[in-house]
Amino acid sequence: MQPVLSLNGITKFYGKIQALNNVSFDVPEGSVFGILGPNGSGKTTMLGIVMDVLKPTSGSFEFFGKPATSILRKDIGTLLETPNFYHYLSGERNLAIAAEIKGKGRENIPAALEKVNLTERRTSKFSTYSLGMKQRLAIASALLGNPTVLVFDEPTNGLDPVGIAEIRELIKRLAGEGKTIIMASHMLDEVEKVCTHVAIMKRGKLLASGPVDEILVNEDIVEISANNLSQLELVASGLPGYTTIKKQSNCIHALY
Ligand code: ADP
């Protein structure tokens with residue numbers, strides 16, 4: 001099957017700081033593709049390049065087998081950080097404003113609300129929404145142009161446990177409906193629970209990429225992690241009790 005996205009040798013410098021170092025991977029159609037790595041590993045820079053808000057210093061990027069022009073990338077829905085919704089307006093009204101800002105038609109608003117299970121609460125003020133509902137509205141905003149590809153940066157960050165569960169469920173549901181989803185995460189357990197594929201990043205370099213069930217039990221990855229405790233610790237940060245687990249095991253898969 002043709003990959004949705006192919007990154008070929010992407011390198012990115014911010015002045016003298018190298019954020020990405022010759023990164024290549026393919027994102028298969030219909031996958032939930034996790035970009036996993038500690039803070040500072042280059043995840044947001046990678047998503048910025050995919051979304052056309054950043055230019056790579058070198059390397060190329062293909063979208064459905066063609067050079068990824070800005071026009072083609074209009075078919076990518078994005079959620080970088082929670083948008084600035086108006087607290088005193090309803091969810092529905094906020095989406096209408098978002099549609100206008102993004103230059104998308106309003107005709108997709110009912111479907112977007114339905115997909116994120118907010119139809120019944122569409123006329124409630126945004127200020128009355130739970131954290132999970134606010135994030136679901138943000139995802140509805142990313143769905144406005146009915147894109148085939150969705151890009152989410154740390155979509156469960158800052159949410160309570162109920163909100164986290166809601167968003168993870170929603171991501172899986174959207175994938176089940178045929179969307180390809182690329183999401184950055186610093187949480188190993190999130191990638192294991194939600195993603196079908198993963199790219200593991202460390203200081204701008206790609207350590208490994210492929211199906212989650214192959215990569216997260218792969219001997220080589222285990223060894224890379226075992227040889228570098230700081231990486232193990234950083235990948236594990238966000239997991240409760242990782243310090244004790246670290247002492248018990250040097251295997252990335254045994255972090256649980
Ligand atoms: P992550 O999303 O994994 O936390 P980032 O892509 O934000 O990683 O950052 C990767 C590296 O690039 C870090 O060293 C970070 O400090 C640096 N960086 C990110 N954005 C900028 C910027 N606008 N200017 C300079 N350095 C940056």
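Which polar backbone atom is 3.1 Å from an oxygen atom of the ligand? The atom belongs to Ser 41, and this pair is listed below with two side-chain pairs, a polar contact being a pair of N or O atoms within 3.5 Å.

| Residue | Polar atom of the residue | Atom of the ligand | Distance |
|---|---|---|---|
| Ser 41 | backbone | oxygen | 3.1 Å |
| Thr 44 | side chain | oxygen | 2.7 Å |
| Thr 45 | side chain | oxygen | 2.5 Å |

The model is predicted, with local features needing pLDDT of at least 70 and side-chain atom pairs counting only at pLDDT 80 or more, while totals for chains, interfaces and linings use all residues. Residues are numbered from 1 along each chain as its sequence is written, and side-chain values use heavy atoms, with hydrogens and water left out.

The residues surrounding the ligand (one heavy atom within 4 Å) include Tyr 14, Ile 17, Pro 38 and Lys 43.

Strand S1 (residues 3–14) pairs with strand S2 (residues 17–28) in the antiparallel sense over eight bridges, where pairing requires at least two DSSP bridges and strands are DSSP runs of E with at least two residues, helices being runs of H or I with at least four, numbered from the N terminus. Ser 6 stands opposite Asp 26 in S2, and in the hairpin, with two residues between the strands, Gly 15 takes a positive phi near 60°.

Among the helices, H2 (residues 91–102) and H4 (residues 131–142) meet through Gly 91, Asn 94, Leu 95, Ala 98 and Lys 102 on H2 and Leu 137, Ala 140, Ser 141 and Ala 142 on H4, contact meaning heavy atoms within 4.5 Å.

Note on methods
Axes are lines fitted to C-alpha atoms, for helices over the stretch in contact, and angles run from 0 to 180 degrees between N-to-C directions. A polar contact is a pair of N or O atoms within 3.5 Å; within protein, one must be able to donate a hydrogen and the other to accept it, and residues adjacent in sequence count only if both atoms are side-chain atoms.
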